[in-house]
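Try each task with the sequence and structure in view before you turn to its solution.

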Amino acid sequence: MTNRKSENMQANGKSERFIVPIGPQHPALKEPEHFRFTVEGEIVTNAYVRLGYAHRGIEKATEQRNWVQTNYLLERICGICSHIHSTAYCLGVEKLAGVQVPPRALAIRTLVAELERIHSHMLWLGVAAHEAGFDTLFMYSWRDRETVMDILEQLTGNRVNYSANLLGGVKYDIDQEIADSILEGIDFLEERTRHYLEIVTTDALFLQRTRGVGVMTKTQAEVMRAVGPTARASGVTRDIRVEAPYAAYPQFPARITLATNGDVEARFVVRIEELFESHRLIREILANLPESDLRARFPRRIKPGETIIRVEAPRGELFYFIKSNGSDKPERVKVRTPTICNMSSVVKLAVGHQLADIPLILAGIDPCFSCNDRGVIITRRQNKPDLWTWEQLRQYGIGYYDGNNK
Amino acid sequence: MKFGTMISDITASLFKRPVTEKYPLVRYPVPERLRGHLRWDPEKCTGCGLCAMDCPANAIEMIVIDKKAKRFVMRYHVDRCTFCAQCVFSCRQGCLEMSNDTWELAALNKEPFNVFFGEKDDIECILAGSTAQDT
């Protein structure tokens with residue numbers, strides 16, 4: 001059918017080029033983002049992405065809250081990797097205030113971060129399998145993910161937004177009962193993960209969707225500044241846990257997981273192998289949990305200064321810049337999430353692929369759209385102040401949706 | 001290269017019972033550390049207001065009636081609360097805790113979301129004041 005249509009088109013002397021708009025409603029995941037793919041026949045020849053549908057003004061909102069309240073606001077940047085956002089903020093603020101966090105608190109933070117990585121990667125495994133049309137894998141991987149969700153609920157009281165971090169420490173301790181149930185859960189998950197690794201590397205039908213699709217070479221990954229498992233699947237040695245260990249990673253060193261093919265299959269393999277690394281780290285932390293207090297005293301006001309902090313979120317490098325002016329509120333908090341770094345690779349890699357492969361390429365970077373939406377206002381008028389107040393930003397947002405500011 | 005790599009999972013599941021929780025009919029035990037409705041111990045509270053200051057959702061209000069006589073009422077907005085338990089850890093007197101048995105908090109009207117903690121006379125005093133303002 002397509003061939004006949006194509007012949008007709010060529011006979012008429014017209015180019016068979018369409019623009020397929022995808023989004024802002026539900027482009028691949030249930031988050032808003034807009035893509036425009038130019039297709040010639042089935043092949044994508046150009047791609048365009050528009051970000052910003054989920055901009056919430058969180059960075060600006062931090063300036064209206066004190067140091068303690070900001071922790072919970074930033075934890076809600078992402079629903080999946082909430083703990084790592086809070087950890088990055090707490091580590092940064094503690095560095096700024098010069099507070100020494102007890103080693104046991106750092107170990108528990110790291111433990112929760114690794115549990116979160118397991119839950120995030122298993123969620124991704126299901127979503128990516130769903131995008132490839134392998135819904136059986138989606139259902140079973142999500143069923144097994146409940147194990148780690150239950151562990152997190154038992155440890156902190158919540159399945160998501162665990163609120164495990166306090167400025168200067170953590171809220172919850174690990175006793176023998178919880179340690180035993182974590183180990184039991186990890187044993188089960190390790191067995192299942194081994195099964196999933198076998199499936200994604202041997203299933204003939206699944207491999208047709210993933211092998212050789214969306215290949216990103218090492219050079220491309222370096223040029224496009226890819227981060228996290230997306231970069232590691234192309235053989236780039238980039239893992240903040242290894243490069244610049246934070247929290248308890250100096251005591252419990254993580255090993256880097258690499259693949260070289262750079263296709264979607266390699267991204268599956270890297271993420272699944274990272275699960276084994278997380279299992280190992282969790283066992284090691286539980287076996288050697290340092291004895292100390294859980295919390296250090298934390299000042300309400302922090303001396304003027306600025307700092308940066310980098311951590312490895314499940315999706316890649318997460319970057320925080322924090323500036324204090326000596327008051328009880330932050331003057332500026334800047335967040336850079338991994339999805340924004342990886343988004344350029346989707347636009348680049350989409351070209352040359354069939355339209356049907358696009359959801360898988362997009363899901364391959366494990367995108368989190370509401371994480372990456374930030375705003376920058378650049379005014380060229382000299383006399384106008386560049387800084388907006390929270391109220392101005394709010395009014396601009398209301399006006400935007402009413403159609404006044406477009 | 002294999003076909004049907006997940007057949008074994010599917011056939012094993014055929015012989016298992018459904019795991020769906022029949023929630024309103026059967027109530028399963030909740031985890032011990034679950035964070036639910038806030039509880040307040042009036043004996044220990046000094047009315048310092050740190051909990052209200054640190055609450056990220058502004059769910060706690062400290063209403064002072066008479067500072068010298070230490071008459072104050074704590075107003076807890078359950079609908080705003082994000083159940084992060086920061087107030088519990090901010091409180092130096094240890095008079096706040098989050099219960100793990102009161103967590104079914106949905107309601108059809110707004111009244112249950114407005115909880116006053118304090119002496120009975122003080123709460124009545126506050127309520128009388130707010131109704132006087134409304135009328």
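**Exercise 1. Which elements of chain A have the lowest and the highest mean pLDDT?**

Solution. The model is predicted, and here local features need pLDDT of at least 70, side-chain atom pairs count only at pLDDT 80 or more, while totals for chains, interfaces and linings use all residues. Residues are numbered from 1 along each chain as its sequence is written, and chains are lettered from A and ligands numbered from 1 in the order in which they are written. pLDDT is the predictor's confidence in each residue, from 0 to 100, and the elements are DSSP runs numbered from the N terminus, helices being H or I with at least four residues and strands being E with at least two. Among the elements of chain A, the lowest mean pLDDT, 49, belongs to helix H1 (residues 2–12), and the highest, 95, to helix H12 (residues 264–287). For chain A the average is 88, and 92% of the residues score at least 70. Where pLDDT is low, the predicted coordinates should not be read in detail.

**Exercise 2. Describe the make-up and dimensions of chain A.**

Solution. Begin with the secondary structure, which in chain A comes to 16 helices and eight strands. Next take the radius of gyration, computed over C-alpha atoms, for which the globule rule is 2.2 Å times the number of residues to the power 0.38. Because chain A has 406 residues, a compact globule would have a radius near 22 Å, and the value of 23 Å for chain A agrees with this. The C-alpha atoms fill a box of roughly 80 × 65 × 35 Å along the principal axes.

**Exercise 3. What is the strand order of the open sheet of three strands in chain A, and which helices pack on it?**

Solution. The order is E6-E7-E8, with antiparallel pairing; two strands pair if DSSP finds at least two bridges between them. Strand E6 (305–313) and strand E8 (330–336) of chain A are the edge strands, each pairing on one side only. Between E7 (residues 316–324) and E8 of chain A there are six bridges, and A:Ile322 stands opposite A:Val333 in E8(A).

Helix H13 (residues 338–350) of chain A touches E6, E7 and E8 of chain A, its direction making about 135° with that of E7(A). Helix H4 (residues 82–97) of chain A lies across E6 and E7 of chain A and runs at about 150° to E6(A).

**Exercise 4. Is A:Leu393 buried, partly exposed or exposed?**

Solution. A residue is buried if 20 or more other C-beta atoms, placed from the backbone, lie within 10 Å of its own, exposed if 12 or fewer do, and partly exposed in between. A:Leu393, found in helix H16 (residues 390–402) of chain A, has 17 other C-beta atoms within 10 Å and is therefore partly exposed. Leaving aside neighbours within four places in sequence, A:Leu393 is in contact with A:Gly57, A:Lys60 and A:Trp388.

**Exercise 5. How many residues of chain A are in contact with chain B?**

Solution. The count is 21 residues of chain A, in contact with 18 residues of chain B. On the chain A side, helices H3 (67–75), H6 (135–156) and H7 (176–202) each give two or more residues, and H6(A) supplies the largest share, six residues.

Terms used:
Contact = placed C-beta atoms within 7 Å. Axes fitted to C-alpha atoms, helices over the stretch in contact; angles between N-to-C directions.
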